[in-house]
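I opened my notebook and went through this protein one topic at a time. Here are my entries, in plain words.

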Amino acid sequence: MATPHSPRPFGPRRYTYEELAEAAHHFSNRFLLGEGGFGQVYEGSLNGETFAIKKLRIVPDQETKEELEREIRFISHVSHLNLVKLVGYCMEGANGLLVLEYFPNRSLKVNLHERDVLDWPKRMKIAIGTARGLEYLHEYCKPKIIHQDIKPDNILIDSNFEPKIADFGLALRFPDSVSHISRSIMGTEVYADPEDCKRVSDKSDVYSFGIVLLELITGRKSKYQDIDIVKWAKNRIKEALEDEYKGFVDSKLQMYDKEQMKRMINCAAICVYNRPQFRPSIKKIVLALEGHMPLKNLWDGNNDDELPRIKEISSSGTERFQRIFTYEQLTAVTEGFSGKNLLVKGKQYQVYKGYLNGEAVTVKKFTYSPEKKEEMFEHIKSISSSVHHNNLVNMLGFCHEGPHRLLVYEFVSEDKSLGSHLHGNVKPALDWPTRMEVALRIARGMIDLHELFYRVWTWRICLRNFWLLFDIEIC
């Protein structure tokens, strides 16, 4: 078994049942964090760190073991700021356990309904973060992933009140050509879509997310005194859509941003009270909540899949979505692809530095022949948009317009490259512990490239360029 000082293993760590039973205090109710359809979650301690240990309710047959294997494979290969990470697992006989990140702030349910009043900025942050997590599952995972049980219990809150979607035991993965799958729904009452009860699609998750928005807006539980929130809100939300919030918005909220409230109410209404075929995609919901799309566009029935991502790029590097740029935008960003902004000139591409909303970015412009350009563009875009890691330069967006093919990346100045620190004039020289840390971080980044997608991609590490870079703060 690996120790805290052992090399980092590929994928989630495998534990024995005995180890996890001891870590979870033998599943004492005193350490019970929550309970769902697939099992109980306990607080546990491994190697001095606190984790959430999920004990699955399974029986010793092949079908349930395959279900568990699917959940393990799913969680271990999906990474996003707003998704809970899988740390390890155990599968021995009839026992199935998962080791997950632990969040002392617990769930949205606890924070919204069992503690002091959750203020409006936190509610808005939780709504947008949860929507971004769902957008990643629906739009950026190939094949797309349907959660099936979005509810406050499955939205965990970290110390900065960033939401993390948990419990993917009900998740389904669909190829792009399949819009839904026929089966009995396995979600939770109230949050389960009544219009699509025998067909699970991404619109089912959109419905469930709408119920979560109703709870954030009103402060009510999904079911109170045998009246579910959908029925309670049906008539009241009409007045709220006309900016009459009294009697609908949580009376415990002392202050809130009226424009943000209007956006959230519109999103909740269209998610919950529209038929599945008329609900917007979660991509549209994210744009509307963030204020980057007019509310009228939520109701117009246009093709969801053609919407560009128009979110501003964060200097923190924590945003993980790809924006669709126009060629005109990238021409302006690079000052007409000016020679003074040219960083690298190759036979088949040029790389430029540019500024987008005050942030430096790197723009790679392909100049291959038309056929080769399309092939290489799609190949590199597919890899770059799928892989996100602290030790890789992340792609921010792309342009696919007419004959133009461009990729936009984070920018790190050339004096932060490994080559400049080893062979250039950057002072002080790298000491041995730093060089060892750099080597380990590059290796960890390559683990993601090789292991997460079941294929080994050959990457050139060029010390003179800046495609494999490390965090300068370690120097």
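**Entry 1: salt bridges**

I looked for salt bridges and found 11 in the structure. I counted a salt bridge where a side-chain nitrogen of Lys or Arg lies within 4 Å of a carboxyl oxygen of Asp or Glu. Side chains of opposite charge can pair when their charged atoms come close.

Before going on, I noted that this is a predicted model, in which local features need pLDDT of at least 70 and side-chain atom pairs count only at pLDDT 80 or more, while totals for chains, interfaces and linings use all residues. Residues are numbered from 1 along each chain as its sequence is written, and side-chain values use heavy atoms, with hydrogens and water left out.

I then looked up Lys125, which forms a salt bridge with Glu162, with 4.0 Å between the closest N and O atoms. Lys125 sits in helix H4 (residues 120-140) and Glu162 in the loop between strand S8 (155-157) and strand S9 (163-165), so this pair ties together parts 37 residues apart in sequence. Helices (H or I, at least four residues) and strands (E, at least two) are DSSP runs, numbered from the N terminus.

Are the two partners buried or exposed? I use "buried" for under 20% relative accessible area, "exposed" for over 50% and "partly exposed" for in between (1.4 Å probe, protein chains only). Lys125 is partly exposed at 33%, and Glu162 is buried at 14%.

Next I checked Lys283 and Glu139, whose side chains meet in a salt bridge at 3.9 Å, N to O. This pair links distant parts of the chain, with Lys283 in helix H8 (residues 282-290) and Glu139 in helix H4, 144 residues apart. Lys283 is buried at 9%, and Glu139 is buried at 17%.

Lys340 and Glu335 also form a salt bridge, at 3.5 Å from N to O. Here Lys340 is exposed at 64%, and Glu335 is partly exposed at 47%. I also noted a network of salt bridges linking Arg123, Asp250 and Lys252.

**Entry 2: the nonpolar core**

Which residues of the largest nonpolar core touch the most other members? They are Leu108, Phe248, Met264, Ile285 and Leu289, out of 61 residues in that core. Helices H3 (108-113), H4, H5 (202-218), H6 (229-241), H7 (258-273) and H8 and strand S8 each supply at least two residues. H4 gives the most, with 10 residues.

A nonpolar core here is a set of buried Ala, Val, Leu, Ile, Met, Phe, Trp, Tyr and Cys residues joined through side-chain atoms within 4.5 Å. In soluble globular proteins, nonpolar side chains tend to be buried together.

I followed Met264 and listed its contacts (heavy atoms within 4.5 Å). Not counting residues up to four places away in sequence, Met264 touches Trp120, Arg123, Met124, Ala127, Leu213, Leu216, Ile217 and Leu289.

**Entry 3: cysteines**

How many disulfides does the whole structure hold? My search found 0, taking a disulfide as a pair of cysteine sulfur atoms within 2.5 Å. The sulfur of Cys267 has its closest cysteine sulfur in Cys271, 6.2 Å away, which is too far for a bond. Cys267 is buried at 0%, and Cys399 is buried at 0%.

**Entry 4: Arg106**

Last, I found Arg106 in the loop between strand S6 (95-100) and H3. Arg106 is partly exposed at 27%. Leaving aside neighbours within four places in sequence, Arg106 is in contact with Leu32, Leu33, Asn111, Arg115, Leu156 and Ile157. Arg106 and Asp153 are 47 residues apart in sequence and 8.8 Å apart in space, C-alpha to C-alpha.
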